Amino acid sequence: MKFLGKKHSLLLAVTMGVSVLATPLSTSYAADVPANYTQEQLNNEMGMAVAWFQNSAEYRELCYQAYNTALDRVKAAVANHKKGDKPLAIVLDADETVLDNSAFEAGLIGTGNAYSNATWDEWCAAAKATAMPGATEYLQAVDKLGVEIFYVTNRSMKTQYEGSVKNMKALGFPQVDKKHMLLKTDKSDKMERFQQVMKDYDVVVFMGDNTGDLPIGSYHKSQKERNALVDAHKSEFGKRFIVLPNPTYGDWEPALDKSGNYWKQTPAGKSEIRRKSLRTWRPLKSAQDKANTKPGTEQ
């Protein structure tokens, strides 16, 4: 017997008077993305994420939770530190780990502008990022404990160092200098910079909003590989690894494209890749169907 398609199965079920309540979970997204889908429409998909980032109490809670957990670990390490041990340090990303750049993302919504190195250079030079809730207090507390702070960020050393220093000093972040600011020079992979710090310091905590901010080897890995690496290190989260929430962007996004060409996709292609990654569930009876049902005949 040949299997029937979804539409034919639904028609058969309705014809036979069978009550069908909902479609099963699926990894496909039924709505096609039109080929003329614009960059502005793609930008507008960020609206809910940015609104949550900027306004929700839950976002603030997660930030405070992360910094409190990290500070407890730093305090414990300081208390147990012995003469002759390596000096203590923390390693953390900057953007969406202690710096809130959501105004930049919000500025793309409602426009046809796309992220570019030029626009990001301009944003960094403007030094308008704000501190994430609790970030300044956390960093100042770590500094007072005598622990080194290394900002390992993929902001560009060539074009974004001066603006970053200006911004971070204005927010009260300590240890903002060339020794502690390990910006990108030629490689986006942070592993060499991590190893550089770990050679001389006992790194108590790694903090970031991206899996690439942690020394687990996730750079340019597929979605499946990234998830497997996280699972392999699950015992370290909330301990040596502290992750901050960022639903607006990250390496998880290009990892959705198995071809490895996500950034070369059109806006339509990117939106389709995003949608096809979703596990979906939909009721078979639409709201309009229910509105047209006579009282007393509901199944």
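D213 is buried in this predicted model, with a relative accessibility of 5%. The side chain of this aspartate is paired with that of K190 in a salt bridge, at an N to O distance of 2.6 Å. D213 belongs to the loop between β6 and α10, whereas K190 belongs to the loop between β5 and α9 (191-200), so the contact ties together parts that are 23 residues apart in sequence. K190 is likewise buried, its relative accessible area being 5%. Because buried denotes a relative accessible area under 20%, D213 falls within that class, and K190 does so too.

In total, the structure holds 10 salt bridges. One of these joins the side chains of K179 and E148, with 3.5 Å from N to O. K179 is placed in the loop between α8 and β5 and E148 in strand β4 (residues 148-156); the pair therefore ties together parts that are 31 residues apart in sequence. K179 has a relative accessibility of 46% and is classed as partly exposed. This class lies between the limits of 20% and 50%.

A further salt bridge is formed between the side chains of K187 and E192, with an N to O distance of 2.7 Å. K187 is partly exposed, at a relative accessible area of 41%.

Returning to the pair D213 and K190, the bridge links the loop between β6 and α10 to the loop between β5 and α9.

Most residues other than glycine have a negative phi. Against this background, Q175 has a positive phi of about 55 degrees, although Q175 is not a glycine. Q175 is located in the loop between α8 (161-170) and β5 (181-184), the loop that also contains K179. The relative accessible area of Q175 is 16%, and the residue is accordingly classed as buried.

A positive phi also occurs at H220, again a residue other than glycine, with a value near 60 degrees. H220 lies in the loop between β6 (202-208) and α10 (223-232), where D213 is also found. In contrast to the buried Q175, H220 counts as exposed, with a relative accessibility of 69%.

How values were computed. Residues are numbered from 1 along each chain as its sequence is written. This is a predicted model: local features need pLDDT of at least 70, side-chain atom pairs count only at pLDDT 80 or more; totals for chains, interfaces and linings use all residues. Side-chain values use heavy atoms; hydrogens and water are left out. Helices (H or I, at least four residues) and strands (E, at least two) are DSSP runs, numbered from the N terminus. Buried means under 20% relative accessible area, exposed over 50%, partly exposed in between (1.4 Å probe, protein chains only). A salt bridge is a side-chain nitrogen of Lys or Arg within 4 Å of a carboxyl oxygen of Asp or Glu.
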